[in-house]
Amino acid sequence: MPAEETASSRAASGAAGASGELSPAARRLYAYAVERHAFEADEATRALGARAAAALTELAAAHLLQRAPGGGPDRWSAVAPRAAAARALAPLALLVRETHDEMDRLRGRLEALVPAYEAGTAHRDLSGAGRLELVTDLGAVRGLIAELAAACEQELLTSQPGGGRPPETLEESIGRDESLLTRGVRMRTIYQHTARYSRPTAAYVERVTALGAQVRTLGDGLMRMLVFDGRTGLMSVPDRSGAALVVREPSVVHFMTAAFERSWLGAEPFPTSVSPEAARSISDELRQTIVRLLSEGLEDKVIARRLGMSERTCQRHIAEIMRAVGAKSRFQAGYLLSPHPAPTPAPPDPPDRA
């Protein structure tokens, strides 16, 4: 046997015969064997037919048959199932022990680097570095959010532009947010007005507000961010979908919190049901925002993204606005509907002198 063969290869060969269910022929041969002290292979063939040879090989591989002591090479006896299991599992048990030993060695090699890492991070924190960290992997971002939420003790601020949130995102968030609220953590969230028309988002809001969360909506001007206990912030990264900037610098976290508070003061409570009057009010505000963005010369897709609606819905609003004011272009509609300063009155003519 080559020196490189280890318990893993031995386990594989032993487990191959013991894996799965025994064939019907092997079961019949095993029943035949346990009724006898020992038997010859020819006897089994005469009793069970041509399949006895294959069944004998199968049972021997499963350690359920062994060569009878003192007999010839073709004389066999049955092995108790528990004894067969012990023989089959012995190589696997050795493999498990070898794996644990290798894990311990690897852990020891990596833990030997802990003092150097801690000394380096302490120096980095003293110098102010490491307070801004870019995380580009979406899975790592989600794991970090879960970790920060589990450690949050006082308040979580969330600003989520983009209209209604995807159902799978809400399903992922609801358990974490309910756990926060039941621990007594205060939670305030701002969405855009368009989120009110998303049934999954409205259902989520109803669940968390029942536990004490506060949710409001705003038309425009939201920055995607989370702030945990006023100490750690996460904000989205432009043009880097799924990435987040982790902020631990106190002055920057303070700026994020202040920006949230300004938005919160101008936002309106998120009702679980939208009355026709409220819908008209929100719709009017959305159109006013569209008019303002039109006058700035923004493209349809940019306006739609800013307001958290689909580009088709945004284009429909723009077409209605243009028809209402008789504008021939998007920019003209924005210009006609934007407020203009009153003209400065001309100075009076000087009095005639005699």
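These are my notebook entries on what I looked up in this structure.

**Ground rules**

I am working with a predicted model, so I keep to its cut-offs: local features need pLDDT of at least 70, side-chain atom pairs count only at pLDDT 80 or more, and totals for chains, interfaces and linings use all residues. Residues are numbered from 1 along each chain as its sequence is written, and side-chain values use heavy atoms, with hydrogens and water left out.

**Overview**

I started with the secondary structure, which comes to 14 helices and 11 strands. Helices (H or I, at least four residues) and strands (E, at least two) are DSSP runs, numbered from the N terminus. The protein has 354 residues, and 34% of them count as buried. Buried here is under 20% relative accessible area, exposed is over 50%, and partly exposed is in between, with a 1.4 Å probe and protein chains only. Next I checked contacts, meaning heavy atoms within 4.5 Å. Among contacts with a separation of 6 or more, 68% come from residues 24 or more positions apart.

I looked up the order of the open three-stranded sheet and got S1-S3-S2, with antiparallel pairing. Two strands pair if DSSP finds at least two bridges between them. S1 and S2 are the edge strands, each pairing on one side only. S1 and S3 run antiparallel and are joined by two bridges; Glu40 has Arg75 in S3 as its bridge partner. H4 packs on this sheet, touching S1, S2 and S3, and its direction makes about 95° with that of S2. For such angles, axes are lines fitted to C-alpha atoms (for helices over the stretch in contact), and values run from 0 to 180 degrees between N-to-C directions.

Which residues of H4 are buried? In this helix (residues 52–61) I find Ala52, Ala55, Leu56 and Leu59. They sit on the same side of H4, because they cover an arc of only 105° around the axis; the arc is that of the directions from the helix axis to the C-beta atoms. Ala53, Ala54 and Thr57 are exposed, on the face turned away from the buried side. The buried residues pack against several elements, including helix H2 (24–34) and helix H3 (41–48). After H4 comes His63, with a positive phi near 65°.

I then followed Leu29, which lies in helix H2. Leu29 has 0% relative accessibility, so it counts as buried. Leaving out residues up to four places away in sequence, Leu29 touches Phe39, Ala44, Leu48, Ala52, Ala55, Leu56, Leu59 and Leu65. Ala78 is 49 residues from Leu29 along the chain, and their C-alpha atoms are separated by 9.7 Å.

**The eight-stranded sheet**

This open sheet has mixed pairing and the order S4-S10-S9-S8-S5-S6-S7-S11. Its edge strands are S4 (132–135) and S11 (268–269), each pairing on one side only. S4 runs antiparallel to S10 (residues 244–247), with four bridges between them, and Leu134 has Leu245 in S10 as its bridge partner. Helix H7 (residues 138–151) packs on the sheet, touching S4, S8, S9 and S10, and makes about 150° with the direction of S9.

What covers S8? Both faces are covered: Met225 and Val227 are buried on one side, Leu226 and Phe228 on the other. S5 (residues 155–160) and S8 run antiparallel with four bridges, and Thr158 stands opposite Leu226. S8 and S9 are also antiparallel, joined by four bridges, with Phe228 partnered by Thr232 in S9. Their hairpin has three residues between the strands, and Asp229 in it takes a positive phi near 55°.

**Aromatic pairs**

How many aromatic pairs are there in the whole structure? My search gave three. Rings of Phe, Tyr and Trp (its six-membered ring) pair if their centres lie within 6.5 Å; planes under 30 degrees apart are stacked, over 60 edge-to-face, and the rest tilted. The Tyr32 and Phe39 rings are edge-to-face, because their centres are 5.7 Å apart and their planes at 80°. Both Tyr32 and Phe39 are buried. Phe260 and Trp264 are stacked, at 5.8 Å centre to centre and 20° between the planes. Both lie in helix H10 (residues 250–266), four residues apart, about one turn of the helix, and both are buried.

I also checked for charges over rings (NZ of Lys or CZ of Arg within 6 Å of the ring centre and within 35 degrees of the ring normal). Arg36 lies over the face of Tyr32, 3.7 Å from the ring centre. Arg188 lies over the face of Trp264, at 5.1 Å.
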